[in-house]
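Please read the points below with the structure open beside them. They are meant for a colleague who is meeting it for the first time.

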Amino acid sequence: MKYKSVQLKEIADIIMGQSPKSIFYNNSGIGLPFLQGVRTFGEDYPKIDTYTTRFKTIANQGDILFSVRAPVGKINWANQEISLGRGLACIRVKPGYSKEYLYYYLKKIGTSINSLANGTVFTSINKKELEEIEIKIPINLNDQRNIANPLKTLDSKLMINNQINDNLVEFDF
């Protein structure tokens with residue numbers, strides 16, 4: 001299997017979040033789901049508890065959500081259309097590359113990305129720094145998929161197992 005090193009911007013578009021004014025936020029389900037940062041990130045998908053009637057940046061279902069403020073490098077999948085605040089960026093993988101491969105690659109290197117972050121009170125990473133992250137990726141798309149697919153299958157099984165465990169807790173044996 002042959003690999004190449006590329007900068008993230010070569011294989012994905014980076015869209016930085018922008019926060020609307022807080023007067024447009026609600027928890028009544030009105031408007032688009034809204035994420036400011038990683039507070040409600042799950043293992044793979046965020047839990048939505050805030051909505052906004054005004055939005056500036058939108059992640060599409062299937063985009064990768066990437067935290068750009070403390071903690072930098074946490075990721076989740078956008079499981080629906082979501083409005084993004086300043087603490088997140090959307091990584092939209094370009095055609096010809098596996099978004100699953102990139103998701104698992106970023107998940108693996110997330111903690112080391114945090115070391116690239118700068119700032120004294122809040123660590124952060126800007127768009128230029130994010131775009132320049134070096135990614136080692138198989139040249140062949142099928143090789144990318146062959147690496148990512150077993151990980152995706154394992155994640156699906158873990159999610160089902162966690163749901164079963166959550167249901168058992170509710171029974172209070």
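The points that follow concern a predicted model, and they take up salt bridges, aromatic rings and surface charge in turn.

1. A search of the whole structure finds seven salt bridges. Among them is the pair of Asp44 and Lys107, whose closest N and O atoms are 3.0 Å apart; this pair links distant parts of the chain, since Asp44 sits in the loop between E4 and E5 while Lys107 belongs to helix H2, 63 residues apart. Asp44 counts as buried at 8% relative accessibility, whereas Lys107 is partly exposed at 30%. Both residues also take part in a network of salt bridges with Glu43 and Asp155.

2. Arg92 and Asp63 form another salt bridge, with 2.7 Å between the closest N and O atoms. Here strand E10, which holds Arg92, is linked to the loop between strand E6 (58-59) and strand E7 (64-67), where Asp63 is found. Asp63 is buried, with a relative accessible area of 6%, and Arg92 is partly exposed at 24%.

3. The structure holds four aromatic pairs. One of them, Trp77 with Tyr103, is stacked, at 4.3 Å centre to centre and 15 degrees between the planes. Trp77 lies in strand E8 (residues 75-77) and Tyr103 in helix H2 (residues 99-114), so the pair ties together parts that are 26 residues apart in sequence. Both rings' residues, Trp77 and Tyr103, are buried, and together with Tyr104 they form one aromatic cluster.

4. On the surface, Lys21, Arg54, Lys56, Arg69 and Arg86 gather in a patch of positive charge. Of these, Arg86 is placed in the loop between strand E9 (82-84) and strand E10 (88-93), and it counts as partly exposed at 44% relative accessibility.

Definitions and conventions. Residues are numbered from 1 along each chain as its sequence is written. This is a predicted model: local features need pLDDT of at least 70, side-chain atom pairs count only at pLDDT 80 or more; totals for chains, interfaces and linings use all residues. Side-chain values use heavy atoms; hydrogens and water are left out. Patches are made of residues with over 30% relative accessible area and no salt bridge: like charges are joined within 9 Å, nonpolar side chains (Val, Leu, Ile, Met, Phe, Trp, Tyr) within 5 Å. Accessible areas come from the Shrake-Rupley method with a 1.4 Å probe; for residues, only the protein chains shown count as cover. A salt bridge is a side-chain nitrogen of Lys or Arg within 4 Å of a carboxyl oxygen of Asp or Glu. Lys and Arg count as positive and Asp and Glu as negative; His and the chain ends are not counted. The place of a charge is taken as NZ of Lys, CZ of Arg, CG of Asp or CD of Glu. Helices (H or I, at least four residues) and strands (E, at least two) are DSSP runs, numbered from the N terminus. Buried means under 20% relative accessible area, exposed over 50%, partly exposed in between (1.4 Å probe, protein chains only). Rings of Phe, Tyr and Trp (its six-membered ring) pair if their centres lie within 6.5 Å; planes under 30 degrees apart count as stacked, over 60 as edge-to-face and the rest as tilted.
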